[in-house]
Amino acid sequence: MTYLLRSWQGSIALLLCLLALVRLPLLATDASTPFAAAGTAGVLLLIAVGALACFMRISRAARALILFVTAHTAAWLLIGGMSGNEGNASLSYFLLIAASWLLGWRCISELAEIRPSSRQTMMALRLLIPAIFGAWVLILWEAITRGAGVPFILLPPPSAIWDRIVSSVPILAADVRQTVFKAVLFGYVVGCAAGFAVAILADRISFLRRGLLPIGNLMSALPIIGVAPIMVMWFGFDWQSKAAVVIVMTFFPMLVNTVAGLSASGSMERDLMRSYASGYWQTLVKLRLPAAMLFIFNALKINSTLALIGAIVAEFFGTPIVGMGFRISTEIGRMNVDMVWAEIAVAALIGSVFYGVVALVELATTFWHPSNRGG
Amino acid sequence: MNASASSVVSARKLGLTFQTSDGPVHALSVVDLEVEKGDFVSFIGPSGCGKTTFLRVIADLEKNTAGEITVNGMTPEEARKSRCYGYVFQAPALYPWRTIEKNVVLPLEIMGYSKTEQKQRVQRTLDLVNLTGFGKKYPWQLSGGMQQRASIARALAFDADLLLMDEPFGALDEIVRDHLNEQLLKLWAATEKTICFVTHSIPEAVYLSTKIVVMSPRPGRVTDVIHSTLPRERPLEIRETPEFLEIAHRVREGLRAGHSYEE
Ligand SMILES: Nc1ncnc2c1ncn2[C@@H]1O[C@H](COP(=O)(O)OP(=O)(O)OP(=O)(O)O)[C@@H](O)[C@H]1O
Ligand SMILES: [Mg+2]
């Protein structure tokens, strides 16, 4: 019994495997291209080997490797056998998918337990674990949508989205160029720079600080995306109106955060500057801005996502016939959901990269802060 | 105002009242004090008696509300603007985004010293406080005592004749404290600076000072000024001599008197 408890994923995977064996075949009897017997046997064998590996007295790395290979090959065979049989999967099929998912889970937890000595292996593991995790989201998505025959309109399988991405690279590239490289980048840079500059100005001129800040706080809480149609009226259909929306959206978070950051330095630190008879600008550059960095980067990170959302949604309100928001709104009307998902995938990728780059720069600049030290 | 030519700090009937939400707080009242050039003056007294406040008035970080004070013959503001003093705060107050070296360079950058001058001075002052080789470290990679020494180095890096130190060794253990006291005396002898030093420790005050100012709270006043008869050259063992104990006794008496006044 304790033997079985040593890995509950392994035990359950074995159990599911046996159940699946009882409930064979994998597909409904009227499927057009049924699974080859060899394929079915192969899947069952792989899962059994993987599940048994959970209990073997071998090194963690070896067990993780066996699990990795068996879980993914089994999933690969199962999904591969589904082509032409969409919606015809039987209970047995889902039991085996679940079993291989459990093996994948076990694989991740084995990897997470490995304490490598070298930095490179450490880094590789830090990337590998979330990668396997993400892969399983896609595998389950694919297996369930195709196995159960979920209507394409509701949720296309990832493979269809990927096919659409590959076949529409020029369109997607044009959309990205229009939305990201024109509207988002321009708006983000100008909006953040303007928010920062006005924050410094407000810091110098007290009436600005007292008048502008409450308004800034209010504005950054409002759904500014509502101004998009107005911006389209003011600045026309092309990217300039989208950039304007992005500027308006990113301006206030930057303003509010920078002003808050400028008062983040300690009183003793400021007294120190005063004891040196330091001027306004010297104190600003050498003390107050470095102390404000965490706040400023906070705004930069918030704005990186806001900018992308702003530009895409703004395109719903009128645009030339290119752009990510334009594509999403027209393709959904034509029921081309795979194209919509393709745009969403591209937007997600760009958003993550954007955020990641800002976060990396932040880590490099604020390494000294207690929350970032030693990492 | 007839401050003598050698007077570095001269306070006449100095008073400071903080206006707080629950009424005025008399932090200092009728403080008369002369600090001569080359003096090592210690301020000792119970918590809240206005030692920090007095130092802050000298440094123009706080404004007196009564009486007069001159620093180097000028108003505190003029003295601050002409960078007459270095201030060592109760906490190190090092900037965590700068290395130790860069922290020590900070006042030099602000005061516009040349690059080569900056380099030399950082080297020299870090040697002085025994932090040679730690220049490239960040403050948070150093122990509390090392950070405090770095903050002293920072105050010594530029040419101010007056050094204001607010309980600089308050948070350190006895042995490190002894060591730093000894170094501070050496430094004082070598640089001929005038030092105003706040402490809670009677032995520390007696060991270091040429003049001990005993203060008492509510309102903050000077109750006694004791001139030390100890020689300028002071090995740590001097703390066992009858002369030392005699002065320490007087300081303790002064502190007691201040406390009994309160009751
Ligand atoms: N900014 C301020 N506002 C109001 N009251 C203050 C302020 N600073 C100091 N005080 C009051 O002035 C008095 C003297 O304070 P001070 O900091 O000079 O004491 P201290 O002698 O340095 O005490 P300690 O030994 O604890 O450091 C205290 O009663 C304190 O509450
Ligand atoms: Mg104090």
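Student: How far is an oxygen atom of ligand 1 from a polar backbone atom of C49(B)?
Tutor: Please keep in mind that this is a predicted model. An oxygen atom of ligand 1 lies 3.3 Å from a polar backbone atom of C49(B). For G50(B), a polar backbone atom is 3.0 Å from an oxygen atom of the ligand. Taken alone, ligand 1 exposes 630 Å², and the protein buries 65% of that.

Student: Which residues come nearest to ligand 1?
Tutor: There are 14 residues around the ligand, and those that come nearest are S47(B), K51(B), T52(B), T53(B) and H200(B). By class, the shell consists of 4 nonpolar, 8 polar and 2 charged residues.

Student: Which elements of chain B each supply at least two residues of that shell?
Tutor: They are strand 1 (7-20), strand 2 (23-36) and helix 1 (51-58) of chain B. Helix 1 of chain B gives the largest share, 3 residues.

Student: How should I read the packing of two helices?
Tutor: In general, two packed helices are described by the angle between their axes and by the distance between those axes. In chain A, helix 3 (residues 37-53) and helix 4 (residues 60-80) pack at an angle of about 155 degrees, and their axes are 9 Å apart. Helix 3 of chain A is therefore roughly antiparallel to helix 4 of chain A. The crossing of helix 3 past helix 4 in chain A is left-handed.

Student: At what angle do the axes of helix 8 and helix 15 of chain A cross?
Tutor: The axes of helix 8 (residues 169-204) and helix 15 (residues 337-365) of chain A cross at roughly 40 degrees and come within 11 Å. These two helices of chain A, helix 8 and helix 15, are therefore oblique to each other. Helix 8 of chain A passes helix 15 of chain A in a right-handed crossing.

Student: What should I look for in the backbone angle phi?
Tutor: Most residues other than glycine have a negative phi. A277(A) is not a glycine, yet its phi is positive, about 55 degrees. A277(A) sits in the loop between helix 12 (267-275) and helix 13 (280-314) of chain A.

Student: Where in chain B is E192(B) placed?
Tutor: E192(B) is in the loop between helix 6 (174-191) and strand 7 (194-199) of chain B. Its phi is near 55 degrees, a positive value in a residue other than glycine.

How values were computed. Residues are numbered from 1 along each chain as its sequence is written. Chains are lettered from A and ligands numbered from 1 in the order in which they are written. This is a predicted model: local features need pLDDT of at least 70, side-chain atom pairs count only at pLDDT 80 or more; totals for chains, interfaces and linings use all residues. Side-chain values use heavy atoms; hydrogens and water are left out. A residue is near a molecule or strand if one of its heavy atoms lies within 4 Å of it. A polar contact is a pair of N or O atoms within 3.5 Å; within protein, one must be able to donate a hydrogen and the other to accept it, and residues adjacent in sequence count only if both atoms are side-chain atoms. Accessible areas come from the Shrake-Rupley method with a 1.4 Å probe; for residues, only the protein chains shown count as cover. Helices (H or I, at least four residues) and strands (E, at least two) are DSSP runs, numbered from the N terminus. Ala, Val, Leu, Ile, Met, Phe, Trp, Tyr, Cys and Pro count as nonpolar, Asp, Glu, Lys and Arg as charged, and the others, Gly among them, as polar. Axes are lines fitted to C-alpha atoms, for helices over the stretch in contact, and angles run from 0 to 180 degrees between N-to-C directions. Angles under 35 degrees count as roughly parallel, over 145 as roughly antiparallel, 65 to 115 as roughly perpendicular and the rest as oblique. A crossing is left-handed if the near helix is turned anticlockwise from the far one by less than a right angle, and right-handed if clockwise.
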